[in-house]
Amino acid sequence: AGMAGWGGFFFSLLNYKTEKYVIAENRRIGILFRLYQLAVLGYIIGWVFVVKKGYQEREEAIQTSVITKLKGVTLANSSETGLYLWSAEDYVIPPNGEQVFFVVTNYIETPNQRLGFCAESFKVPNGRCQSDDDCIEGETVISGHGIKTGLCYNSTGTCEIQAWCPVEYSKTPTEALLSNAENFTIYIKNFIRFPKFEFSKSNVLETSDRNYLKSCSYDKEHHPYCPIFRIGDLISWTGHDFQDMAVKGGSVGILIEWNCDLDKDSSRCNPQYSFTRLDMNMNNSITSGYNFRYARYYKDQDGETYRTLYKVFGIRFDIMINVKKTVIFCIILIFLFFQGAFACDMILLYMMNTSSFYRERKFEIINFKYDFTNHLQCSCFVMLQGVPMGTPADMLVERNVNILCCASGPRHRCRYTQGWY
């Protein structure tokens with residue numbers, strides 16, 4: 001019995017299944033089916049094609065470039081070196097106009113450092129000591145300024161180190177030395193290009209007036225195509241005050257967003273700017289602000305090298321470009337459209353009182369060897385004058401008659417056929 005069962009299973013895999021269409025005259029199911037189709041069709045036409053332009057071809061390899069330039073000068077009065085004139089060559093890092101750049105707004109200066117031996121700063125925990133045993137010779141001071149020599153200075157309570165001496169002045173700034181940096185201007189030039197459609201545009205007004213860029217300043221309403229931004233205005237658009245941010249620095253994101261529909265006129269393809277502060281909102285947080293160190297090196301008359309160390313605070317600008325594009329998967333939408341029939345079938349097959357009757361009509365098994373022979377040999381009752389009752393079916397071939405044929409077979413059912421037999 002087991003082998004016969006497995007044999008029947010494997011032979012059933014060779015059967016061919018095809019669709020049989022059954023018209024179910026049920027208004028509730030019919031209304032549900034049409035409402036589902038109308039909903040999917042409305043979504044496809046209204047949302048996908050009209051609103052989202054799903055029929056459009058999309059550009060996947062959009063090309064974009066950003067060029068930046070800063071201008072402005074200011075005087076800074078440092079207690080260590082006195083007055084110093086800062087220009088763009090000094091306060092912009094890097095100076096070559098990249099998409100990410102840093103503007104110095106404050107600094108701590110440690111001038112005239114020379115290689116030698118001096119005491120480590122007491123603010124460095126790993127550099128503190130009570131005896132020479134705490135200062136292992138040749139050991140690097142963790143988060144410090146040099147290498148331990150093996151001596152402990154009782155006067156400072158720190159190890160002697162070999163380093164650039166004196167070590168860095170460590171203090172917390174309270175006001176910005178470059179407070180006038182809010183009047184510096186940033187020139188941001190952005191190009192976008194759609195190579196597939198041979199379309200390109202920039203955020204700079206196309207004009208023959210050479211004085212336009214020398215006199216304009218960005219304004220969302222009056223000068224949307226002027227790419228020159230005052231730093232103070234730019235910081236205020238993030239919801240913060242420049243003078244507060246300038247003390248310890250910060251990070252600002254500039255987002256240029258393009259939403260171009262090339263079906264429309266190119267004048268409607270315009271850049272949209274948004275500005276946000278990327279570091280912590282509270283400037284007194286230990287994680288807010290932005291700073292780093294760099295040095296300027298010199299040689300004295302004897303050829304000995306010395307340097308001035310700067311711990312600079314400032315604002316880091318990150319320029320981000322976003323070109324909107326949408327991909328609509330039409331195959332998925334078509335699939336959803338035809339799932340209405342599947343849902344209605346499930347209701348008719350499993351959720352109604354007449355489910356067994358529907359299943360019997362929807363699924364039919366045909367045995368060609370058995371059913372076809374019975375079909376030709378069945379006795380038919382002919383509803384036509386002049387044809388004797390009980391005339392065999394094969395004698396009515398090619399006669400246009402109405403026949404009620406009761407075929408003997410595994411399901412013992414009657415079927416009514418009309419037309420050419």
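1. A salt bridge is taken here as a side-chain nitrogen of Lys or Arg within 4 Å of a carboxyl oxygen of Asp or Glu. By this rule the structure, which is a predicted model, holds eight salt bridges. Among them is a network of salt bridges that links Arg114, Asp300 and Glu304.

2. In the salt bridge between aspartate 233 and arginine 230, the closest N and O atoms are 2.9 Å apart. Aspartate 233 is partly exposed, with a relative accessibility of 27%, and arginine 230 is likewise partly exposed, with a relative accessible area of 25%.

3. How many disulfides does a search of the whole structure find? The search finds four, and one of these joins cysteine 118 to cysteine 165, with an S to S distance of 2.1 Å. The link of cysteine 118 and cysteine 165 is left-handed, with -80 degrees about the S-S bond. Since cysteine 118 lies in strand 5 (residues 100-119) and cysteine 165 in strand 7, the pair ties together parts that are 47 residues apart in sequence. Cysteine 118 counts as buried at 13% relative accessibility, and cysteine 165 is buried with a relative accessible area of 12%.

4. Another disulfide joins cysteine 129 to cysteine 152, with 2.0 Å from S to S, and the link of these two residues is right-handed, with 90 degrees about the S-S bond. The pair links distant parts of the chain, 23 residues apart, with cysteine 129 in the loop between strand 5 and strand 6 (147-153) and cysteine 152 in strand 6. Cysteine 129 counts as buried at 10% relative accessibility, while cysteine 152 is buried with a relative accessible area of 11%.

5. A disulfide also joins cysteine 135 to cysteine 159, where the S to S distance is 1.9 Å. The torsion about the S-S bond of cysteine 135 and cysteine 159 is about -85 degrees, so this disulfide is left-handed. Cysteine 135 lies in the loop between strand 5 and strand 6 and cysteine 159 in strand 7, so the pair ties together parts that are 24 residues apart in sequence. With a relative accessible area of 2%, cysteine 135 is buried, and cysteine 159 is buried with a value of 0%.

6. Strand 8 and strand 9 (residues 199-202) run antiparallel and are joined by four bridges. Phenylalanine 191 stands opposite serine 202, which is in strand 9. The hairpin of strand 8 and strand 9 has four residues between the strands, and in this hairpin glutamate 198 takes a positive phi near 55 degrees.

7. Where does UniProt place the feature "glycosylation site"? The record, which is an unreviewed entry, places this feature at Asn183. Asparagine 183 is in the loop between strand 7 (158-165) and strand 8 (185-194).

8. The last point concerns the surface, where Ile31, Leu35, Leu38, Leu41 and Ile45 make a nonpolar patch of about 490 Å². One of these residues, isoleucine 45, is in helix 2 (residues 27-51), and isoleucine 45 is partly exposed, with a relative accessible area of 46%.

Terms used: Residues numbered from 1 in each chain as written. Predicted model: local features only at pLDDT ≥ 70, side-chain atom pairs only at ≥ 80, totals over all residues. Heavy atoms only, no water. UniProt positions renumbered as here; feature names shortened; annotations may be inferred. Helix = DSSP H or I, 4+ residues; strand = E, 2+ residues; numbered from the N terminus. Pairing = 2+ DSSP bridges. Buried < 20%, exposed > 50% of the residue type's maximum accessible area, 1.4 Å probe, protein only. Patch = residues over 30% accessible without salt bridge, like charges linked within 9 Å, V, L, I, M, F, W, Y side chains within 5 Å. Areas by Shrake-Rupley, 256 points an atom, 1.4 Å probe, with all protein chains shown as cover. Disulfide = S-S within 2.5 Å.
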